[in-house]
Amino acid sequence: MAIIPYNPPTLKVEFVMTSCIFCKIIAGTIPSIPLFEDEQILVIDDVHPAAPVHKLVIPKKHIATLNDLAAEDTLLMGHMLASSAKLAQKLGIAEKGYRVVTNCNAAGGQTVFHIHMHLLGERHFNWPPG
Ligand code: 5GP
Ligand code: ZN
């Protein structure tokens, strides 16, 4: 009989993939209507929009928070930001202006622990934010 080695890191990754709502959306377990998709990211409408335009730019790689970024994720983050700007152009909000936000942990207002960028537009945003 083969002995299957105990592998905690793999188990942890698999648990996260099955419990994370954005991983489920990416895997198709929870159906969604993607506005854009490539090999690295998925863009969907936020289920509780905070502005007339409220898109979520989500990496297919599970990264819990900004604090968990590795050096290898730098290009991915740049791709997410550039894709947000491209999407703003496509949606006709680029010239008027818009906001791209990533919340981090409790004090930053993060509620889904799979990194994402909010693309918000079609209303005025105050500074400093609430
Ligand atoms: P955070 O609070 O982490 O910065 O942002 C999480 C966002 O995900 C919130 O704006 C929330 O409305 C959105 N959200 C949470 N669950 C779902 C979902 O199942 N589908 C979609 N499309 N958005 C979700
Ligand atoms: Zn995830």
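Q: How many bridges join β4 to β5?
A: Four, and the two strands run antiparallel. DSSP must find at least two bridges before two strands pair, so β4 and β5, with four bridges, count as a pair. This is a predicted model, where local features need pLDDT of at least 70, side-chain atom pairs count only at pLDDT 80 or more, and totals for chains, interfaces and linings use all residues. Residues are numbered from 1 along each chain as its sequence is written, while chains are lettered from A and ligands numbered from 1 in the order in which they are written.

Q: Which residue in β5 stands opposite valine 101?
A: That's histidine 118.

Q: How many bridges join β2 to β3?
A: Five, and again β2 and β3 run antiparallel. Among the residues involved, isoleucine 41 is partnered by proline 59 in β3.

Q: Why does isoleucine 26 count as buried?
A: Isoleucine 26, in helix α2, has 23 C-beta neighbours inside 10 Å. Buried asks for 20 or more other C-beta atoms within 10 Å (exposed is 12 or fewer, partly exposed is in between, and C-beta atoms are placed from the backbone), so isoleucine 26 passes with its 23. Across the protein's 130 residues, 17% count as buried.

Q: Which residues does isoleucine 26 touch, not counting those up to four places away in sequence?
A: Leu42, Ile58 and Lys60. Contact means C-beta atoms, placed from the backbone, within 7 Å. Isoleucine 26 and isoleucine 58 are 32 residues apart in sequence, yet their C-alpha atoms are 8.6 Å apart in space.

Q: Which residues in the largest nonpolar core touch the most other members?
A: Ile41, Val43, Val57, Ile58 and Leu119, out of 15 residues. β3 gives the largest share, four residues. To be called a nonpolar core, a set must hold buried Ala, Val, Leu, Ile, Met, Phe, Trp, Tyr and Cys residues joined through C-beta atoms within 7 Å. Isoleucine 41 also has contacts with Val57, Ile58, Pro59, Lys60, His79, Met80 and Ser83, leaving out residues up to four places away in sequence.

Q: How do the residues of the shell around ligand 1 divide?
A: Into five nonpolar, five polar and two charged. Asp, Glu, Lys and Arg count as charged, Ala, Val, Leu, Ile, Met, Phe, Trp, Tyr, Cys and Pro as nonpolar, and the others, Gly among them, as polar. The shell includes Asp45, Asp46, His48 and Val112, and a residue is near a molecule if its C-beta atom, placed from the backbone, lies within 6 Å of it.

Q: How many helices and strands does the protein have?
A: Four helices and five strands, running α-α-β-β-β-α-β-α-β from the N terminus.

Key: Contact = placed C-beta atoms within 7 Å.
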